[in-house]
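Hi everyone, thanks for coming. Today I'd like to walk you through a structure, so please have a look at it with me.

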Amino acid sequence: MIEFEGVVKDFPGGVRAVDALDLTVEKGEISVLIGPSGCGKTTSMRLVNRLIPLTSGRITVDGRDNLEFAPEELRRKIGYAIQQIGLFPHMTVGQNVAVVPRLLGWEEQRVRQRVDGLLELVGLDPDVQRDVYPRQLSGGQQQRVGVARALGADPPIMLMDEPFGAVDPITRAVLQDEFLQIQATIAKTVLFVTHDIDEAIKMGDRIAVMRTGRLVQYATPDELLAQPVDDFVRAFVGGDRHLKRLGLVRVRDVMAEPDERTPELDGEAVLEHTSVRDALSVLVGRGFDATPVVDAQGRLCGVITLNGLRAAVRRAARERASEERASEERAAEGEA
C-alpha cells in the first residue's frame, strides 16, 4: 500500500534526514517507525503526504507515485493524526470531524451521519459532544476527536505521528486499546510514529527501527525482541526484551478451562486479551495465586494461575535460548 524506494531527504546545510530508505507498509497493517530523536521517522512520514518534498527516490501509494497526485487530492485520501491534535478551536467537534467530507462535497445528511458514526466509534456521544468546542473536552477526548477527524472521509491510509503522546499514561493505554479495537474492524493501512518501544510493540504489526536517517531493522515485534540485528537495536529495545515478549502473549492463549471453583476465586478478573506480562504483574502485585478470566462482555471464560504463567515464562525462556543458539550457529557458519 505504501512503498519507499531509495528515499532520500536532505535539508539545507547538508543535513541528510532520510538516507536511502527502502520500506513497504502492507495493506491493512500498522507499521511503526521508531528510533531516537533526529533519526528521520517523522520526516519519513511527512514525505508520504508531501507535507515536505523528497530529495530523491520514490514513494508509491497503492501502486501510484505520490508525485502524480495533486497535493490536495493526496492529503484527502490519507488520514493524519498528530500528537498536538491540531483541532480547529473556532469549530465545534462535529465541524472538526466534518472538515474533509465537506471539502469533498458530501451531502449534508451524509456528513452528519458520518460525524455521528465516527464519534460513536471513538467512544464519544454525538448528542453530548458533537456541538461543543475542543476547549470544553479533556485531553483524551480531544485525542479521540483527532482520530475521528483523520478517519473523516474513510481514507484507506492513516499517518499517525505520536497520536497519543500528549496524554497521561492511563488515558494513553486506553486510547491505544480503543484504536486497536477500531483497527480490528476497519483494517486501515497505518504508518505510526512513536519514540516509545513499548507502544511500538503493542501497536505494530511490524516495527522499523531507524538511526541517523537509515533503516536498521524492520521486523515483527516478536522477531525484533527475539533477534535484534545489532547492538544498537538490542540496546534500544531494552535489556528486558525477553520480558517484553511476554507482552505479546495473550491470557486467552495460556488460561485453563474454568471449573466449579473459579467463581469463588478471590482474585479480580482480567480480560482475555490481557498480556501474560500484565497478568503476571496483577497476580504478583495483589498476592493472588489465581484469578478468573472474562471476555469483553464480562462472561467467565477461563482462569489463570501463577503456576500456569510460570510455565508460560519457562516456555518463552526455552524458545529464547533455542533462537539464540540458532542465531549463533548462523553467525558461525557465516564466519566460516
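Predicted model: local features only at pLDDT ≥ 70, side-chain atom pairs only at ≥ 80, totals over all residues.

Residues are numbered from 1 along each chain as its sequence is written, and side-chain values use heavy atoms, with hydrogens and water left out.

How many cavities of 30 Å³ or more does the structure hold? There are two. A cavity here is a set of points on a 1 Å grid over the protein atoms alone where a 1.4 Å probe fits but cannot get out, and its volume is the space filled by probe spheres set on the points. The largest cavity has a volume of about 70 Å³.

Its lining, meaning residues with an atom within 4 Å of a point, consists of V122, Q143, R144, V147, F164, L175, E178, F179 and I182. Six of these are nonpolar, one is polar and two are charged. The largest share, four residues, comes from α8.

Now to α13, residues 276–286. Here V276, A279, V282 and L283 are buried, that is, under 20% relative accessible area with a 1.4 Å probe, protein chains only. Seen down the axis of α13, these buried residues fall within an arc of 120°, taken from the directions from the axis to the C-beta atoms, so they line one face of the helix. On the other side, V284 and G285 are exposed, or over 50%. After α13 comes G287, with a positive phi near 75°.

Technical notes. 1 Å grid on protein atoms, 1.4 Å probe; cavity = no way out; pocket = protein on both sides within 12 Å on 5 of 7 lines; lining within 4 Å. Helix = DSSP H or I, 4+ residues; strand = E, 2+ residues; numbered from the N terminus. Nonpolar A, V, L, I, M, F, W, Y, C, P; charged D, E, K, R; others polar.
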